[in-house]
Amino acid sequence: MREVAIAAALFLPLLACSSSTPPVTRYLLRGDLVPGSGRVDAPARVVLARLVVAPYLSGAEGIVIETAPGQVQAANQHQWAEPIEAGIRSFLSAEIGAALGYPLSASYLDRPAWDQRVDVSIDRLHGTMDGTAVLEARYRITSGGDSGEGVEFRFASSTALPREGYSGVVEAEASLLRELGRAIAGSLARDAGRT
Amino acid sequence: MSEARADVSRRRRISPIWIVPIVALLLGIWMLIYTLQSQGPEITIVFSTADGIEAGKTKIKLRSVEIGLVESAGLGDDLESVVVTARLDKEATPLLREDTQFWVVRPRIGAAGVSGLDTVLSGAYLQLAPGTGPEGRRDYVGLENPPVTPAGTPGLRITLTSDHGDSLGTGDPILYKGHRIGRVESGEFDLKTQTMTYAAFIEAPFDDLITTSTRFWNASGISFELSANGVEADLASLETLLVGGVAAGQPKGVGAGPPVEDGAVFALYDSYAMVNERPHRYGIEYVVRFSQSVRGLKPGAPVEYRGIPAGQVERVMVSDLLGQGATGQGAPVPVLIRLEPGRLALPDTEAGVEQLRNAVEAGVANGMRASLATGSLITGSLLVALDNHGDPTVVEIGEFAGRPELPTVATGLEGLEIKLASLLDKLNALPLEGTVKEAQQTLAGLDKLLNSRGMQELPTSLDATLRELETTLASFSGDSQLQEQLLPTIAELDRTLASFRRVLDTLDRQPNALVFNRELEADPLPPVGAR
């Protein structure tokens, strides 16, 4: 009897470790991006320089859902495949470049000398339990080099989830970021025309 | 039978005839007492002469009222004076006071006018001027002339002194802005000080005008001044033109000072121009001795303290220099200067003089020296400048010819000469020869070093080092490869730290999470949106 008790004490943790964990689904924000085509020699040197994501987004790997007003929760089983900053930067630069018709530098390091510079701050980007996704952002367009004064814009939009679940959230957020990219491209074009 | 004897006795009786002399005696005593009680006091007055005085005839008057009679006049014991004995009325006794004055009124003709004409017919009489002092005096010295100012007149008595006999006489007016405020009472020459001293009286309320800053000058006659504007004539009044007089006032730019006491002494200037040349009354005289030429330094030249007028040069003391027996020895030339506290905004009083003296002593102790400075480059006039030259040498105020002496310092060309000589002396004292030799050796060693192989190759080596440094710095620039590699690494590290933080959070919530699976909550399922 004593031997049985010792064996049970040794094997019980092993049994616990052997229990399975729920699978994690990872989402790529730019998964539906189609490689663009167009001019490679851009008429203007445009760079997406600084991208700041709200800490509640950058500190979580999971996709964030607003469960109640003022309450958010990062999903455990539904996570981003890459850091959210990197994903948004790639997505936005691709969308802005597509809207402009010529490529955009996704990093300030790629193009230290620039004609137009875009700095973006993502303040809110999450799904909600009432079936929508929201995006609030600010962006600043600066022309004329480091000494130039920038013009700041605000962007806020929301859209309904196309389907239930987190894939719907990712698709809706991509849609909102696409809208943001177009808005930035429009501002860049107007700024270039003014200067 | 008895014989009757008659007892004869002589009865002594006073004869009634004695009543008459007794009554006469009593009457005489009564008359004597009455006479003694009714007559006034007897006084004696001493005059230098009894001209016009007659015993039993000459009267004593006050305000033309007869109050006494001269009883006798005789020579004094010294035979050089006349002693007049007079009897005053009893009612006049209170008039005999300590400062009561007597003089003989007789016809007089003088600069002040004609007086006493009425005595030509009536004869001379003695005038009494009552005083204000205590009563009881019976012996007096008579005045030879009528007093200019009656005793007891309210006002201020002052003394005016002058180096020479001015055309002033007794009774001459003292004018203030043309208005008569007093008069000269007397004047006498002081043999000891060789000066004329005038007693003057300022009547109340004009005595308030006389302060320490008031100056008096001779206003007799007419003064002429020839200037670019032509000839200017100044006349105080017709009276002063005829009989002379004294003017009183303030120097230009000087305000009224504190009031003066009775008996104050003032200098009598020759003119208002001289008053303005020396507007201040009090001053201190110092001697300063210079070893350089004093050509251009004249009496009246300014003495300045850092450009502020502080006094003037009185004279070059050549005679005192010779008196010191310093001829032929290149002795410095003594110059007498006068510093006046009034010029330095100090009170023009004895107290101001003391303040100035203390300030000068303190200044000298702190390095203040006198020097000759050029007043005008065109005329070459000099002035005496007082300034702090930072001389660390402790010097006390000396004495020369009985006057305090201020230390001096050479400035200007001579000062440069002295400094240059001092500099040359120091240069001579330097070990230049040895220094030059050492410098030559050092230069030779430096030349050898510069020509060495290592030094010749130094530029090439330095250039290579700089290139390496440039390359190294370029690797840290913003677009360098190092930067490109470093930034993703930092981002990865940041993500790792974030994951580690989540692990820690999990352990904090569920300590057995390392052994057992986390009790994960099911993710909320977002619904499809309403289109």
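Student: W18(B): buried or exposed?
Tutor: W18(B) is exposed: this is a predicted model, and the relative accessible area of W18(B) comes to 53%. The cut-off for exposed is over 50%, so W18(B) counts as exposed.

Student: Where is W18(B) found?
Tutor: In the segment before α1 of chain B, a helix covering 19-38.

Student: Which residues make the nonpolar surface patch with W18(B)?
Tutor: I14(B), I17(B), I22(B), L25(B), L26(B), I29(B) and I33(B) make the patch together with W18(B). Its area is about 880 Å².

Student: Switching to the sheet in chain B. What's the strand order?
Tutor: β5-β8-β2-β3-β4-β1-β9. These 7 strands form an open sheet with mixed pairing. Its edge strands are β5 (101-105) and β9 (139-141), and each pairs on one side only. On average, neighbouring strands are turned by 30 degrees against each other, direction ignored.

Student: β5(B) and β8(B): parallel or antiparallel?
Tutor: Antiparallel, over 5 bridges. β8(B) covers residues 125-129.

Student: And what is the bridge partner of W103(B) in β8(B)?
Tutor: Q127(B).

Student: Now chain A. How many helices and strands?
Tutor: Chain A has 4 helices and 7 strands. Along the sequence the pattern reads α-β-β-α-β-β-α-β-β-β-α.

Student: How much of chain A counts as buried?
Tutor: 41% of its 195 residues. The accessible surface of chain A is about 10,000 Å², and carbon and sulfur atoms hold 54% of that.

Student: What about contacts in chain A between residues at least 6 apart in sequence?
Tutor: Of those contacts, 68% join residues at least 24 apart.

How values were computed. Residues numbered from 1 in each chain as written. Chains lettered and ligands numbered in written order. Predicted model: local features only at pLDDT ≥ 70, side-chain atom pairs only at ≥ 80, totals over all residues. Heavy atoms only, no water. Patch = residues over 30% accessible without salt bridge, like charges linked within 9 Å, V, L, I, M, F, W, Y side chains within 5 Å. Areas by Shrake-Rupley, 256 points an atom, 1.4 Å probe, with all protein chains shown as cover. Salt bridge = Lys/Arg side-chain N within 4 Å of Asp/Glu carboxyl O. Helix = DSSP H or I, 4+ residues; strand = E, 2+ residues; numbered from the N terminus. Buried < 20%, exposed > 50% of the residue type's maximum accessible area, 1.4 Å probe, protein only. Pairing = 2+ DSSP bridges. Axes fitted to C-alpha atoms, helices over the stretch in contact; angles between N-to-C directions. Contact = heavy atoms within 4.5 Å.
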